[in-house]
Amino acid sequence: YYRKFKLLLRFEIISYIKKNFDNKFVLIGDDWVKYNMKSVSSNFDTKYIKQLYQGNICLDLGSMQGSSSLYSRSNQIIESGGLIIQSRQEDYNKIWGQLEKKILFKNLKELTMLINKLSNDGSYSKQLLDEIYKNFSSSNKMIEENLDKITKIVN
């Protein structure tokens, strides 16, 4: 039921965006065709994905497997220099902190406001990209510290 509910939410959000932002919106994925939505075919080539995300506003509706802010797609968007807009996930405060109101949404009104602000204000979007980059600038150090903890437990 969880997956079906998430799929329904995705469908409703994408339908809303297609209706309100169709000229600014590119939908990617082969599965959308069965819902009569025009989309670009899936392409999992990492160079293609990086070019696609880089410098664009990228909608992330979260993982189908859970409610984590960071997972493969969100990581790819951030690493590629994409401007992520994400549905609020369970761990949002820990991951995004001060960026919460700038990139997260919990309803269609907030999503609309984010899209409009980011698509109409290039300098703000660039500033926000810098803030996202800074938010994760110490992530390598955190990974090392966590690996050290795991190593101590194992040994």
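User: Where does Phe 136 lie?
Analyst: Phe 136 lies in the loop between α7 and α8 (139–154). Helices here are DSSP runs of H or I with at least four residues, strands are runs of E with at least two, and both are numbered from the N terminus. This is a predicted model, where local features need pLDDT of at least 70 and side-chain atom pairs count only at pLDDT 80 or more, while totals for chains, interfaces and linings use all residues. Residues are numbered from 1 along each chain as its sequence is written, and side-chain values use heavy atoms, with hydrogens and water left out.

User: Is Phe 136 buried or exposed?
Analyst: Phe 136 is buried, with a relative accessible area of 18%. Buried means under 20% relative accessible area, exposed over 50%, and partly exposed in between, using a 1.4 Å probe and protein chains only.

User: And what is Phe 136 in contact with, leaving aside neighbours within four places in sequence?
Analyst: Leu 70, Ile 78, Ile 95 and Trp 96. Contact means heavy atoms within 4.5 Å.

User: OK, zooming out. How many helices and strands are there?
Analyst: The protein chain has 8 helices and 3 strands. Along the sequence they run α-α-β-α-β-α-α-β-α-α-α. The radius of gyration is 17 Å, close to the 15 Å from the globule rule for 155 residues, so the chain is as compact as a globular protein of that length. That radius is taken over C-alpha atoms, and the rule is 2.2 Å times the number of residues to the power 0.38.

User: What share of the residues is buried?
Analyst: 34% of the 155 residues count as buried.

User: Switching to pockets: how much space lies in the largest pocket?
Analyst: About 1,600 Å³. Of its 47 lining residues, Leu 27, Ile 28, Trp 32, Leu 59 and Arg 73 are the closest to the centre. On a 1 Å grid over the protein atoms alone, a pocket is an open set of points where a 1.4 Å probe fits, with protein on both sides within 12 Å along at least five of seven lines, and lining residues have an atom within 4 Å of a point. The volume is the space filled by probe spheres set on the points, which are joined across faces, edges and corners.

User: Which element gives the most to that lining?
Analyst: α1, with 7 residues. Elements that each supply at least two residues include α1 (2–21), α2 (46–53) and β1 (57–60).
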